Amino acid sequence: MIPIRVVIWGALTLTAIMSRCGGEDIVADHVGNYGINVYQSHGPSGQYTHEFDGDEEFYVDLEKRETVWRLPEFSEFTSFDPQGALNNIAIGKHNLDVMIKRSNSTAAVNEVPEVTVVPKSPVMLGEPNTLICVVDNIFPPVINITWLSNGHAVTEGVFEASFLSKDDHSFLKYSYLTFLPSADAVYDCKVEHWGLDGPLLKHWEPEIPAPMSELTETVVCALGLAVGLVGIVVGTVFIIRGLRPGGASRRPGPL
């Protein structure tokens, strides 16, 4: 459970290249946010990422001081020195301290996150799949996302992406769970955030068509048999009429 305490939010430093430009008539085909720095007093913690078209390119692990690419193949074409991220985070921390003093330690306004759970692909029992927990409208970016299967915590097969920035300065976050769909397993995405009164559980279970009863099966079979017999009778009648002598003759018309 996330402890309920005051969070001071300041210096959401956004450095955007190829980002939103002035002028409402300008429409960009692609948008890249390069150098998104977030630092906050809770923890304390921070995040440095590069994004392109709303997807994460990489983040910098601030503890290990290394660049982690969302797709490892990207590292074969380019590189990023994590020291630049560490410098920006240090500047963000300094700016946050200044803003806390100037604002008389004004706390951040907690927004209510929105949670949705969807499968990555159409669900087939017994075939591996991935559940995606989408948490939108996050602010401040302090959140705890966990998975439950039949009420029990799941840690294996779980992957959580970094916070993704939004135009309104709130954040979006994805959590993934690889699983094997079965008829007797149900799942919950558990979200804890200061904007909620308590932990929020978003339920998901596979949609399995209800099996037909014996009576329903009998009725369906009887209807199918009846329709087939009617078709045979009608077809036979038309064949007999066509084979009758003079059935296809025509009376001669006037000259």
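I began with Pro140, which I found in the loop between β7 (129-138) and β8 (144-149); strands here are DSSP runs of E with at least two residues, helices are runs of H or I with at least four, and both are numbered from the N terminus. A cis peptide bond joins Phe139 and Pro140, with omega at about -5 degrees.

A note on the source: this is a predicted model, where local features need pLDDT of at least 70 and side-chain atom pairs count only at pLDDT 80 or more, while totals for chains, interfaces and linings use all residues. Residues are numbered from 1 along each chain as its sequence is written, and side-chain values use heavy atoms, leaving out hydrogens and water.

Next I checked phi. Most residues other than glycine have a negative phi, and most peptide bonds are trans. Asn104 has a positive phi near 60 degrees and sits in the loop between α1 (82-102) and β6 (114-119). I noted Asn104 as exposed because its relative accessible area is 67%, and exposed means over 50% (buried is under 20%, partly exposed in between; 1.4 Å probe, protein chains only).

Asn150 also turned up, with a positive phi of about 55 degrees, in the loop between β8 and β9 (152-154). Asn150 counts as partly exposed, at 41% relative accessibility.

Last, I looked at Tyr59 in strand β4 (residues 55-61). What does Tyr59 touch, not counting residues up to four places away in sequence? I listed Tyr48, Thr49, Glu66, Thr67, Val68 and Ser162, with contact meaning heavy atoms within 4.5 Å. Tyr59 is partly exposed at 28%.
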